[in-house]
Amino acid sequence: MLDTPKPQDCSNFIAHKFGGSSLANAERLRDVAQILCARADERQIVVVSAMQGVTDALIQLIHAAANRDPSWRSALEALRTRHQECAEQLLGAAAEPARQFLYAEFADLHDVLHAAALLGTPAREALDLVQGLGEVWSSFLLTEYLKTQNEPVARLDARDVLVVRAEEMGVMVEWPRSQTQFDAWLATTTARRIIVTGFVARDGQGRATTLGRNGSDYSGAIFGALTRAREIHIWTDVRGVLSADPRLVPEAVLVPEMSYMEACELAYFGAKVIHPQTMAPAIDQQIPIIIRSTFEPNHPGTRITAGRSMNPPVKGVAAASGMAILNVEGAGMIGVPGTAERVFGALREAGVSVVMISQGSSEHSICAVVRESDAEKARTAISDEFLRELDRGAIQAVNVLTDISVLAVVGDGMAGLPGTAARMFDHLGSGRVNVRAIAQGASERNISVAIDTADVRRALRAVHAGFYLSAQTISVGIVGPGNVGAALIEQIAAAAAGLKQRTGLDLRVRAIAGSNRWLKSDLGIDLATWQQAYAAAPRTGVDLSEFTDHVHTSHLPHAVIVDCSASNAVAEQYPNWLAAGIHVITPNKNAGSGPLARYQAIMHAAKTTGARFRYEATVGAGLPVVSTLRDLLDTGDEIESIEGMFSGTLAFLFNRFDGSAPFSELVREARSLGYTEPDPRDDLDGKDVARKLVILARELGLKLELGDVVVGSLVPSALAAGSAEEFMARVDQLDADMTRRLTEARAEDKVLRFVARLEKSGRASVGLVALPRSHAFANAQLTDNVVQYRTRRYSKNPLVVQGPGAGPEVTAAGVFADVLRVASYLGARV
């Protein structure tokens, strides 16, 4: 909780301010009255805005009249009708005083507009008068309604007490004079509720004026200060202050409490918080401000106070667009006193506001972020100021870069907390966002970066999730919804809710593509019904470029494509995907064992962009075969040789083949159980095992091609041609040779196993061998994969990795584990 100091000499007032959306019509006005009457406040001072859209309509009215546009008369009538109808609906039989009041008000307004039309220009005084009338009318209607409810109420026109002056920094209150006049007025009433016109005031000469845009919020804080209120409640159309703009970060969450300074920082960057100037009176008297929703009046909202809330350390992420970077650079600036003073002095003289400043310690360049609308004016001002230096080359360039946004991370708890900036930049990097300039104040409350506007949405979501303000969202596309792909989707569906709750990971499957159709969703496919939706998708073919663009959307920070196909054409896409920053996860062996040039392109793209290429399941399904090898190498071990049973299918066949049943019968059984490929020759010919051996060889740094592996196929040439069904019809032709090999092995008290072997010299082979019964491979379980690493450390007793190596669920689990490893790298707490 915040350690909030109590306001000094506080009164029994609670201040309330209601915005235009809260007063949009008669129904909303009734709701406001109900909110006020339901509260137990001892006294209330209630500042109201104009009804929604009225201030803009009034400004358009006076300009139309001054331009002698005849439409101003019909627009005036429409505005009058709106208020009169609101009065009738709100007050019913008690509407007569409101009718008379509005008649007189609109008659006076007509005269002012008519005068503007005669003059052909809107005088400043007339514009100030007219644009503040909406608050006069809404305050009258609310007051009259409260009277019908027998509530003691008084109405105060702020122009009767509030005196302001215009300064360079904005509209400032003449506090002593305003306080004196307000206290005198307050002495005339004992009403529990006082309804006050927001936005309007008078200047020192008694002329009607306004407090500028956001002026009604400012009025709320002013009258909170004038009454020395205990609290100021700002009622809007949102629950409170959100951790980010929900239009850009849908996962934005409510911030229950924050300090004045945090609120000021977020407001400056466009967060939907009251304007910093608005808070000044409350800050001066340390009056708590509560941002609340009239649509959910029982929700506590966001409480803003003087205390510092350190947890969470980051309260919000905001961005301001429409910026440009002004960069002044040159060797002649190094060590020259007064250069920065001249830069910012020239910008000040040109009337250019500087949003952000960044300068390297070398003093070779000074970078300032300005509003894009001021960019050319700023460039001209600096070029004129440094004309001589530019002529003699002491300053090389004054450049402007447009389409820039400033992203800010804000929180009191960042002060003194190591690693905050590192986390921010880490997540910007993993979200593929380039940072052009950096700034952080000594308070450490705000870290700001200038980035390309095109990256704003992705940057906001990456940083927002990176500080655990929302789930870490990953856009997932799955290619190949066959056995393994379907099992993976089911596993994601089963685990998704728990992962999001426990770890803050939102795996959003947004596309599923097969060979001739694909299914997509912007918000994420409903995984409970994906099979029906996929079956109903049109067979229009699959454009992988379109699929990629959908998965790699600009509004989500991270994209992962999982290739569960066996397609070589899909593997061809990996270099492009990785080069674009898309993480690739696959059990498809084509990429790792295909042409060496393509493999090298894949690894180069991953290294260049930092995108992750994960392929654990290509060798051992769900077993940590690749990661174990990588750990051995990374810790400095030397691999002498690798032996393995890399096929769960072949392990099943030769674990079962004991002569009691023909080998062909076991092949049929394995196919019926789903252990084999649709065409069992893809298992029996040994090429699948050879591919796995090539993958491991390349992990060792060996430049091995698939053709370099000596493969002992179990498929005789007579059975190599024809369809899978034709092969199965003649599969018993394998029996004689298999029986002979089994007999020979038994004669030596050995067993048959299909083994892959790789030596550090690069010699590689796969084939059926006879092994002693004491060998680790001889005692493997039914469908186990077994890998034996003989290394410098594990020379006498090789390191063995063993476990199930067949079945779509096991393989899918290995792929899913790789997905979670990538998610952890991206910042999810898995």
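## Sheet

Two strands pair if DSSP finds at least two bridges between them, and strands (E, at least two residues) and helices (H or I, at least four residues) are DSSP runs numbered from the N terminus. This is a predicted model, in which local features need pLDDT of at least 70, side-chain atom pairs count only at pLDDT 80 or more, and totals for chains, interfaces and linings use all residues. Residues are numbered from 1 along each chain as its sequence is written, and side-chain values use heavy atoms, without hydrogens and water.

An open sheet holds 6 strands in the order S14-S15-S13-S16-S18-S17, with antiparallel pairing. Strand S14 (354–359) and strand S17 (435–440) each have a single partner strand, so one side of each lacks a neighbour in the sheet. From one strand to the next, the twist averages 30°.

Within this sheet, strand S13 (residues 316–329) runs antiparallel to strand S15 (residues 365–371), and 7 bridges join them. Asparagine 327 stands opposite cysteine 367 in S15.

## Helix pair

Two packed helices are described by the angle and the distance between their axes. Axes are lines fitted to C-alpha atoms, for helices over the stretch in contact, and angles run from 0 to 180 degrees between N-to-C directions.

The axes of helix H25 (residues 648–656) and helix H26 (residues 663–672) come within 10 Å and cross at roughly 140°. H25 is therefore oblique to H26; angles under 35 degrees count as roughly parallel, over 145 as roughly antiparallel, 65 to 115 as roughly perpendicular and the rest as oblique. The contact (heavy atoms within 4.5 Å) involves Phe652, Leu653, Phe654 and Arg656 of H25, with Phe663, Leu666, Val667, Glu669 and Ala670 of H26.
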